[in-house]
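The following exercises are to be worked with the sequence and the coordinates at hand. Each task is followed by a solution in steps.

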Amino acid sequence: MTDAAADFVLTDALDLEIESAARTMLDAGPVVAMTGAGLSVESGIPPFRGPGGLWTKYGEPPLDGYQRFLEDPAKAWRERLNPTEGWAKGLMETLGAAKPNLGHRSLVGLEELGVLRATITQNVDDLHRQAGSRALLEIHGNHTLLRCMECHTRYDHDEIAIDESALPPRCLRCDGILKGDTVQFGEPIPPDVLRGCYAAAQDCRCMLVVGTSATVYPAAEFPIDVLRRGGSVIEVNPHESELTAVASISLRGPGGSVLERLLHHVRSLSPDPARPGEASTP
Ligand code: APR
């Protein structure tokens with residue numbers, strides 16, 4: 001259990017703030033969630049920045065990963081299949097072993113209630129999918145998938161036979177080069193998922209932002225855009241982030257415990273759990 005989760009105490013004051021956030025969500029109509037690495041900290045995956053962050057520990061990775069892939073895809077694939085960087089090996093093992101936590105499951109609960117219209121995640125860890133999120137947009141890709149650089153078709157790893165003597169592997173549909181679906185620094189966000197994010201966020205009146213430093217674009221733009229259009233932003237983070245100063249409500253605590261409590265309040269405030277936001281028939 002992480003420090004933030006271990007030290008967490010649900011004070012009456014914070015519980016009132018969480019209840020008010022639940023009211024804001026129910027009044028605003030469908031909500032869109034945006035999540036970052038902090039949500040998966042309670043699943044044992046370190047964040048990138050801040051206390052215990054990968055980049056804090058190992059330094060920011062070179063920002064030309066995508067450029068190097070384009071220059072020599074076969075070499076990049078050999079590196080991918082036999083990583084030399086200690087942190088990369090460690091991260092792959094951690095990602096492989098991680099399981100969804102209370103935070104991921106609470107977001108699924110909000111989706112099932114019809115309160116959450118979609119979840120935009122910056123995480124590549126597949127945990128939202130494993131938790132059962134349906135309306136999911138993985139803006140930085142998914143580490144369990146491969147993607148064609150031409151037609152953007154995505155494949156599970158086991159759909160593609162990797163022949164180390166014939167790298168890079170090719171798309172079964174268009175023979176394009178396949179790469180990991182994870183979006184590398186310098187790589188454009190795949191157009192299909194970017195369009196999906198803009199469509200989900202464009203008329204959102206309330207965005208629930210969980211576990212992100214809100215420093216990486218275009219994802220960090222979405223909550224700002226909601227505020228610009230007069231909507232609300234509810235932040236969940238044990239520490240201050242770039243968003244804290246402008247957020248409508250900033251809930252200071254770990255994602256798991258705070259989202260579980262938020263779901264509780266949404267349920268108890270919903271006039272009719274089956275049809276939140278609709279007046280219950282007398
Ligand atoms: N619950 C909620 N939030 C937490 C928790 C927790 N238990 N623990 C830490 N956090 C917060 C931190 O305070 C920090 O603000 O999560 C945030 C994590 O920030 P980053 O490490 O910067 O992660 P993220 O915002 O997702 O990074 C964006 O940067 O490196 C790239 O592609 C990578 O998708 C990533 C992007």
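**Exercise 1. Determine how strand S1 is paired and how its residues are placed.**

Solution. Step 1: S1 and strand S2 (residues 116-121) run parallel and are joined by five bridges; strands count as paired if DSSP finds at least two bridges between them. Helices (H or I, at least four residues) and strands (E, at least two) are DSSP runs, numbered from the N terminus. The model is predicted: local features need pLDDT of at least 70, side-chain atom pairs count only at pLDDT 80 or more, and totals for chains, interfaces and linings use all residues. Residues are numbered from 1 along each chain as its sequence is written, and side-chain values use heavy atoms, with hydrogens and water left out.

Step 1: Within S2, Ala118 is the bridge partner of Val32.

Step 2: S1 also runs parallel to S7, with four bridges between them. Here the bridge partner of Met34 is Val209 in S7.

Step 3: Val31, Ala33 and Thr35 point one way from S1, while Val32 and Met34 point the other way. Because five of the five residues of S1 are buried, the strand is largely enclosed by the rest of the structure. Buried means under 20% relative accessible area, exposed over 50%, and partly exposed in between (1.4 Å probe, protein chains only).

**Exercise 2. Follow the chain from S7 to S8 and identify the strands that pair with S8.**

Solution. Step 1: S7 and S8 pair in the parallel sense over five bridges. The chain passes from S7 through helix H10 (residues 221-228) to S8, a right-handed β-α-β crossover. Right-handed means that, with the strands pointing away from the viewer, the path from the first strand over the helix to the second runs clockwise.

Step 1: Cys206 stands opposite Ser232 in S8.

Step 2: S8 also runs parallel to S9, through three bridges, and Ile234 stands opposite Ile249 in S9.

Step 3: Ser232, Ile234 and Val236 point one way from S8, Val233 and Glu235 the other way, and all are buried. Five of the five residues of S8 are buried, so this strand is largely enclosed by the rest of the structure.

**Exercise 3. Which backbone features occur at Pro168, Pro218, His152 and Asp175?**

Solution. Step 1: Leu167 and Pro168 are joined by a cis peptide bond with omega about -5°; Pro168 is in the loop between strand S5 (154-156) and strand S6 (178-180).

Step 1: A cis peptide bond also joins Tyr217 and Pro218, with omega about 10°, and Pro218 is in the loop between S7 and H10.

Step 2: His152, a residue other than glycine, has a positive phi near 65°. It is found in the loop between strand S4 (145-148) and S5.

Step 3: Asp175 likewise has a positive phi near 65° and is found in the loop between S5 and S6. With a relative accessible area of 49%, Asp175 is partly exposed.

**Exercise 4. Which polar atoms of the protein lie by the ligand?**

Solution. Step 1: An N or O atom in the side chain of Trp55 is 3.0 Å from an oxygen atom of the ligand.

Step 1: A backbone N or O atom of Gln122 lies 3.2 Å from a ligand oxygen atom.

Step 2: A polar backbone atom of Gly255 is 2.9 Å from a nitrogen atom of the ligand.

Note on methods
A polar contact is a pair of N or O atoms within 3.5 Å; within protein, one must be able to donate a hydrogen and the other to accept it, and residues adjacent in sequence count only if both atoms are side-chain atoms.
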